[in-house]
Amino acid sequence: MIKVALAGQPNCGKSTIFNLISGLKQHIANYPGVTVEKKSGTFSHQGETIEVVDLPGTYSFSSYSLEERVAKEFILNEEPDIIVNVVDASNIKRNLYLTFQLLEIGKPVVVVLNMMDVAARRGMDIDVQKIARMLSCPVVPASGARGEGKEAIVEAIMQAKTTPYNEFKINYEELEPLIEETQALITTDSPQASRRWLAIKALEGDSVILEKLPKVTLAIREKCLDFHRQYDKDVESFLAAMRYDSADVIYHQSVVEKQQGKKTATDIADGLILNRWLSFPILFLIIFLIYQSSIVYGYKLTDYTWPLLAAFKNFIIGISPEADFTQVPMITDFAIWMVNSANALLNYIPIFLILFALIAILEDVGYMPRMAFILDRIFKKFGLHGQSTLPLVLGGAFVGGCAVPGIMATKGIADERARMATILSVPYMNCLAKVPFYTLLLGAFFEAQMALMMFFISTATLFIALIVAKILTTTVLKTRETSPFVMELPPYHLPTFKGVIFRAFERVWMYIKKVGTIVLAVAIVLFAMLELPGLSDEQKVAYEARSDALLTSFYAQAAKTSYGEQLSTRESVSGLLNTYDDYRARRMSASPAQAGNIDADFEAKAPFYMTFIKPPADDAEAKTINRQLRNLSRDRRGILQEMKNDKVESSLLGFIGRSLEPVTQFAGFDWKINVAFLSSFAARESAVATLGSIYENNAADNLRAEEAMAQNSGYTPLHAAAIIIFMLLTPPCIATMIVVKLQTGSYKWMLFAIFFPITLGFLAASLIFTLGTGFGWSGVEAFALFYGTVIALALFMGSLPQKRINWSGGFTKSILNKS
Amino acid sequence: MCLDELASGTLCRIIKVHAHDALKYKLLDMGFVSGAQVSVVREAPLYDPMELKIHNYLLSLRKSEAKLVEVELV
């Protein structure tokens with residue numbers, strides 16, 4: 001077997017070459033440093049198995065970033081036979097800097113000159129054979145985007161395996177004696193890699209290599225200081241300069257630029273896109289278009305996908321055991337609960353699909369780093385990064401977004417501290433699923449000031465997120481690694497349709513797989529907590545008596561008709577009622593065109609029941625029963641609703657809600673609100689459903705949820721303002737928390753992301769509610785005050801001077817460490 | 001003279017990089033070696049960071065970091 005390591009700088013098209021030769025698909029992006037995980041593919045050629053491992057894209061082979069460490073440790077520990085170095089032919093000089101570092105490792109290198117088409121378009125004439133001669137290694141021209149060069153690359157790998165290889169050496173002139181001395185220090189029990197390479201890396205102060213040579217670290221450090229004293233140069237700068245000089249020699253001898261000085265397409269595009277006056281309008285336009293087409297149009301698309309989900313729900317209800325009048329089997333309740341939880345998530349798939357496709361396009365085109373370039377100055381003030389823009393927008397910069405894709409889009413942020421701060425502040429943005437909740441509360445308590453309140457709600461979130469980011473970066477994230485804002489602005493590329501679509505589906509699938517399973521697990525726990533311990537025996541008897549009374553009156557009415565005999569048992573009436581409810585549910589979620597089919601279906605399945613559900617025009621008796629049936633169905637719903645409320649009230653979750661009351665009363669929350677917040681953890685939609693079901697005390701009065709809440713809750717608008725403030729800051733939904741765990745790689749941060757917002761939200765709500773009660777503020781006044789405070793705080797924090805280390809000098813680290 | 005002082009369109013040559021640790025390595029790797037030529041393409045719309053062209057590719061650098069790069073005009 002031949003083990004091949006694929007190495008190259010960011011934006012060199014390494015991923016496309018990887019897909020080309022191994023035939024496997026992988027994330028492809030036009031954004032520095034997006035490939036962080038190791039991917040490998042195995043294939044065979046002429047009976048030989050070849051394994052290709054895709055190393056992370058790195059500009060260099062030192063150890064100053066995680067990617068570089070990962071790449072180097074792979075070379076050291078896994079001993080690949082051949083290194084395939086992908087080089088961007090249109091940016092050959094900087095790419096060759098890495099090539100020289102790879103050649104030094106001492107393993108056979110095959111250079112793949114990728115993007116030859118782009119280089120040709122830019123008027124670059126590259127003498128491939130000359131480069132091969134100068135580097136004494138095979139050089140294969142290719143174009144990953146066009147699928148050209150696969151055979152030649154595989155052929156070169158096969159040949160490289162069998163051809164004897166002499167170790168490659170750069171003559172480092174005045175450093176040579178030092179390299180030889182260091183080489184002598186490295187004993188034979190060291191790793192199997194080239195000793196010269198180890199010596200050079202050790203002199204560079206490379207931590208991965210020095211860790212492997214603990215005995216000689218001090219001696220090597222001493223030699224470096226000697227070199228500095230003798231030549232007034234430090235080893236790292238000297239080596240970098242030598243390698244760039246070598247790359248320059250190759251560039252000058254083998255590349256002819258026919259359009260030198262002429263503006264490239266990228267230069268012209270940047271002239272517009274990064275123009276001082278045009279950049280912001282263009283940026284807003286792009287953000288608006290993304291938002292409009294994913295959130296707004298995607299939401300409209302759910303009108304078409306929702307019937308599918310509703311049909312799925314009806315199907316599950318259909319195969320669950322039927323209710324015996326007011327006695328619904330728990331398994332049926334459970335099935336409906338699970339389907340509702342799953343549907344709440346699946347409903348967002350069209351939005352995610354559009355969103356992920358658009359993000360993939362932006363990544364491939366090369367706009368992402370430009371966005372960071374334009375906005376960096378603002379975000380820097382809050383400890384964030386220019387690249388935080390998109391995550392925050394997706395999280396919900398306008399009326400609503402979703403934190404899940406927002407947090408997933410933080411992957412490319414180069415600065416670790418800013419990335420963490422972005423992950424932890426995106427959940428404060430306006431979640432789409434919170435909108436129905438706001439609408440419910442605003443409709444109930446702020447009908448006159450709805451527009452103003454909605455404006456407050458939708459604009460406050462960005463400022464809250466910025467404040468949180470600033471607080472976190474100056475406290476808990478203070479010691480996190482920051483990396484310098486040295487970011488490549490890669491040339492613009494046209495994205496490929498296949499690449500974009502593939503990536504969009506891949507990300508959606510990941511969302512369903514990772515988030516879906518855990519959301520369902522939490523849904524099971526919540527179901528148990530809402531269901532147990534269930535109704536008391538007295539309650540059961542009381543409800544049963546009421547049910548019997550309803551049935552008895554129905555029998556009596558039915559007995560007056562000729563159908564009386566057939567409708568005189570609990571079984572037959574339950575069956576009729578269930579068929580009636582099922583029929584109505586199906587008709588409601590069906591299009592007019594399907595209605596006929598449903599009718600025919602039911603006629604075939606239950607012809608007798610259909611006589612009453614859709615009574616023939618000439619059958620007055622059937623019509624009477626139809627009327628009775630409608631009343632009975634409504635009364636049954638009423639009883640079921642009351643039973644549910646009693647069950648919730650005595651449930652574990654209800655108990656928790658009650659026991660939180662002594663604390664939450666400061667924010668004006670009673671146990672019902674507590675239960676709604678607790679149950680909204682699985683999916684925020686359920687907050688509205690829970691509140692709605694708690695307040696619709698008597699289904700017979702047919703009030704809308706808003707009206708029911710305003711009348712039955714006993715809340716004032718000030719209560720509502722406190723609830724909205726709490727909801728603005730919290731609660732994070734479980735799907736978001738899973739993504740936080742995935743992106744931070746730690747449960748600790750996930751727990752932090754749960755409890756920090758809850759604390760913050762509770763404190764803010766309590767403060768506003770307590771002060772509001774004391775000073776007699778109205779709901780709007782209290783909320784306006786909260787809004788004003790948030791804006792003022794954000795502006796104040798943004799104006800605080802950035803504490804950055806931009807001085808140098810002083811004692812060296814070794815002295816400081818000793819003291 | 002430091003890189004952050006230069007106006008758009010200026011071409012200069014690097015004398016020395018005064019950065020330390022991670023920033024120094026990063027700048028060296030991106031080609032900020034003594035003698036390399038850098039041209040200032042433009043400032044960001046909000047005047048910071050700046051866009052540079054070095055070794056025939058484009059790169060953005062905050063001014064606080066450009067301050068650490070000593071240059072001379074060509």
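A residue is termed buried if 20 or more other C-beta atoms lie within 10 Å of its own, exposed if 12 or fewer, and partly exposed in between, with C-beta atoms placed from the backbone. The views show a predicted model, in which local features need pLDDT of at least 70, side-chain atom pairs count only at pLDDT 80 or more, and totals for chains, interfaces and linings use all residues. Residues are numbered from 1 along each chain as its sequence is written, and chains are lettered from A and ligands numbered from 1 in the order in which they are written.

**View 1. Helix α15 (residues 349-365) of chain A**. Helices are DSSP runs (H or I, at least four residues) and strands likewise (E, at least two), numbered from the N terminus. Because 12 of its 17 residues are buried, α15(A) is largely enclosed by the rest of the structure; among the buried residues are A:Phe352, A:Phe356, A:Glu363 and A:Asp364. A:Gly366, with a positive phi near 105 degrees, follows the helix.

**View 2. The open sheet of 6 strands**. The strand order is β9(A)-β4(B)-β3(B)-β2(B)-β1(B)-β5(B), with antiparallel pairing (strands pair if DSSP finds at least two bridges between them). At the edges, β9 (486-488) of chain A and β5 (69-73) of chain B each pair on one side only.

**View 3. Strands β2 and β3 of chain B**. Strand β2 (residues 37-43) and strand β3 (residues 50-54) run antiparallel and are joined by 5 bridges. B:Val40 has B:Leu52 of β3(B) as its bridge partner.

Technical notes: The expected span of a helix is 1.5 Å times one less than its number of residues.
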